[in-house]
Amino acid sequence: MKPIKAKYTEIVLLLARLIPWVFPKWLRFIAKSYSRKEQESIQHLYEKEDRIKSASLFDGSFTWKAISVVVKVDHDDLDSIRRWLKSNASPIDYNPRRDDSAFENKYDHGGGYRNLGWIHFHKENRLTSLLRMEEETEFCDSCYVSLSKYSYGINYLSLYFFLNESATGMVSSVDVSEVKRYDAFASVNPFSQQFRAIQHHDKRNLIEDLINENINKVCSDVVGMAKKVLSLWRITKDESKLTLIADIYRNTNEPYFVEVDECEDDSHVHVCRRSLGFFDEKISSDNSEHFLSRYVVEKNDLDALFIKSKSLEEFDQFDNFARKGLTLYDSHIFISMFIDVARQQVEVSEYANSALLKNTNKVEKNYDILFESTNQLESLRENILAIQKEIPHSCRESYSDSAKRIAKYRLKLADELKASIDRRLSGLNSEMQVQNLRFNRKYSLLVGVLIVVQILLAALTIDWDNLEERYNSSFLRQEDVDLKQSSTETDEHNKLL
């Protein structure tokens, strides 16, 4: 079904052909190019595209197993979880002697983890559940909750949401027979400059958009349930703070990405073809695993995609990816913490750039921004160092090399930004000293002027007439005294003679 903008464009172009004198010359010219005759002349170019009837995110049979939601939590959040467990959990799920120390958060804590258990939705099996929630959800089946603690008071909470079959149906063998290509004005506003541009939307791009919309629907349902789970513990987190990784499982020993792509059925297309091996970031030394965080996910709400290809018969009893609830310390989810670090790094960098790249702000404002950025950057470095310190102990061996490489790279970026901020702070300190000297000089001149003004004001308050009378009377008294003294001396002299 075509959107309203496409129908609006068709009507405008049709009217421009029927009553051309009403429309400008450039629009009449464009309308001729989109006439029915012109469209029929290029119809053969879209014959292969029109044969597409279904589409999938990946090739072959696969299952969208789960979405992991990882979020950073602080001391207060840990205490909220502990208090909830103390009040609501069974004696098996909460032991004061064990959990009071497990949820204790210290700056110099060496690390550790605590598996909280399963949360089931609409299931009667309460014996194996930490909690059973009667919440409306379309795609979530259950959730495995675990907590990981690191040095410098860094803590991450993992919510591993198992998905039902309907989630796989949103990205596998999706009916796209009703998806049609269309043309539309870049803007429906006739007075906009973009009104002169017409965008062409082919069927393959529209199919990709449809698959991404379906992915976003599943992500929205998972995020909504994650917020409800967190709200039980009185934890409130913004969606931007959540890291989402989708887990795809293929029941085959053949890796997904191959060097030569197989022949694709004309009636069925794949968003991520098997020949696109450069999509894989190869974070794992296991060839059956692929990790995508730059491609495919850039147009939807996921932060990464993980693909596992292994037959069910090949799994160990206690290491079955297809059925196991995963945590940070035993799976690829460990990488989600670096995704969170990268997000924090972007936020700090953008905040610091407002002072590093702009000279229009006042010196004081730039100094405050850079000083705050320095504090944030130090916290970020501690976050990276805490993760790096636990790689040998809390990261699966197949991902440890990649984790070390990523941690080293993130520390390098943080140090480079720190060096840039320090250089700018040094310059601002010198500039502030010069401004202080100028201010002191102006202040000294101002003090001198105020002293003169104070003297003048004091002079204005003097009663000059009274002062003159007092001066004259004092002068006359002095003359009298002098005359008396002179006459006395004359009399004494005469007596002596």
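**Entry 1: around helix 8**

I take helices (H or I, at least four residues) and strands (E, at least two) as DSSP runs numbered from the N terminus. I note that this is a predicted model, in which local features need pLDDT of at least 70 and side-chain atom pairs count only at pLDDT 80 or more, while totals for chains, interfaces and linings use all residues. Residues are numbered from 1 along each chain as its sequence is written, and side-chain values use heavy atoms, with hydrogens and water left out.

I then checked the span of helix 8 (residues 203–232): at 1.5 Å a residue its 30 residues should span 44 Å, and its end C-alpha atoms are 44 Å apart, which agrees. The expected span is 1.5 Å times one less than the number of residues. At the N-terminal end of helix 8 I found Asp202 as a cap, with a side-chain oxygen 3.1 Å from the backbone nitrogen of Arg204.

Within helix 8 I looked up Asn214, which is buried at a relative accessible area of 7% (buried means under 20%, exposed over 50%, partly exposed in between, with a 1.4 Å probe and protein chains only). Leaving aside neighbours within four places in sequence, Asn214 is in contact (heavy atoms within 4.5 Å) with Met170 and Val174.

In helix 2 (residues 25–33) I found Leu27, Ile30 and Ala31 buried. They cover an arc of only 105° around the axis, which puts them on the same side of helix 2; the arc is that of the directions from the helix axis to the C-beta atoms. On the other side of helix 2, I found Lys25, Phe29 and Lys32 exposed. What covers the buried residues of helix 2 includes helix 1 (4–18), strand 8 (182–185) and strand 9 (198–201).

**Entry 2: the largest pocket**

I looked up the largest pocket, in which about 560 Å³ of space lies, and saw that helix 1, helix 4 (47–50) and strand 8 are the elements that give two or more residues to its lining. The largest share of that lining, six residues, comes from helix 1. Of the 21 lining residues, Lys2, Glu10, Gln39, Arg181 and Asp183 lie nearest the centre of the pocket.

A pocket here is an open set of points on a 1 Å grid over the protein atoms alone, with protein on both sides within 12 Å along at least five of seven lines, and lining residues have an atom within 4 Å of a point.

Technical notes:
A polar contact is a pair of N or O atoms within 3.5 Å; within protein, one must be able to donate a hydrogen and the other to accept it, and residues adjacent in sequence count only if both atoms are side-chain atoms. On a 1 Å grid over the protein atoms alone, a cavity is a set of points where a 1.4 Å probe fits but cannot get out, and a pocket is an open set with protein on both sides within 12 Å along at least five of seven lines; lining residues have an atom within 4 Å of a point. Grid points are joined across faces, edges and corners, and a volume is the space filled by probe spheres set on the points.
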